Amino acid sequence: HLSPSNRARVLAEKAMVVSLTRGELRKHPEVSKWLDQGFELAPDLPELLYVAGIADEGAGSIEAALDSLEAANDIAPERPEIALRLAVFLVKHPQKGGNSLGEARQVRGPSLTQAITARANPTLGNGQRPAPDPRMRDA
């Protein structure tokens, strides 16, 4: 039996798979229903807000998309995929959330580069070189 948060995550995944087909956003009548069900279970789940932003953008609801992506970023600023999506959104829709690429670079939370670097390899975030992988051998 899944917890309410995990059921909301399943609904978010379902909505994401249907909303993104072959890398293109598309509108699907069931997505809104699934997202509404997910929000009833876990209204502050960043994954759900992230998917809602993507789905809203695909449906042409630009204001709702911006609201969802900003809320997801506010809740989980350490998640690089959310910050990246918000930054790309601001570049694509400058009249809605900002005025330029510079605005997108100022997405709240850790910088995208730092967040992605820290996620990829925690030893790189502090400016130190990572230890060599013991599986590597000198040439």
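Modeller: H1 and H3 run roughly parallel to each other, because their axes cross at roughly 25° and angles under 35 degrees count as roughly parallel. This is a predicted model, by the way. The two axes come within 9 Å, and the crossing is left-handed. On the H1 side, the contact is made by Ala 8, Arg 9, Ala 12, Ala 15, Met 16 and Ser 19. H3 answers with Glu 47, Leu 48, Tyr 50, Val 51, Ile 54 and Ala 55. Sorted by class, the residues of this contact are 9 nonpolar, 1 polar and 2 charged.

Now turn to H1 and H2. H1 covers residues 4-19, and it packs against H2 at an angle of about 160°, with the axes 8 Å apart. That makes this pair roughly antiparallel, since the cut-off for that label is an angle over 145 degrees. Here, too, the crossing is left-handed. From H1 come Pro 4, Arg 7, Ala 8, Leu 11, Lys 14, Ala 15, Val 18 and Ser 19. They meet Val 31, Trp 34, Leu 35, Gln 37, Gly 38 and Leu 41 in H2. The contact of H1 with H2 divides into 9 nonpolar, 3 polar and 2 charged residues.

That leaves H2 and H3. Their axes cross at roughly 155° and come within 11 Å, which makes H2 roughly antiparallel to H3. H2 passes H3 in a left-handed crossing. Val 31, Leu 35, Gly 38 and Phe 39 are the H2 residues involved, and they meet Leu 48, Leu 49, Val 51, Ala 52 and Ala 55 of H3. By class, this contact has 8 nonpolar residues, 1 polar residue and no charged ones.

H2 (29-41) and H3 (46-58) each supply at least two residues of the lining, and H2 gives the most, with 6. By class, the lining has 7 nonpolar, 4 polar and 4 charged residues.

Definitions and conventions
Residues numbered from 1 in each chain as written. Predicted model: local features only at pLDDT ≥ 70, side-chain atom pairs only at ≥ 80, totals over all residues. Heavy atoms only, no water. Helix = DSSP H or I, 4+ residues; strand = E, 2+ residues; numbered from the N terminus. Nonpolar A, V, L, I, M, F, W, Y, C, P; charged D, E, K, R; others polar. Axes fitted to C-alpha atoms, helices over the stretch in contact; angles between N-to-C directions. Parallel < 35°, antiparallel > 145°, perpendicular 65-115°, else oblique. Left-handed = near helix turned anticlockwise from the far one by under 90°. Contact = heavy atoms within 4.5 Å.
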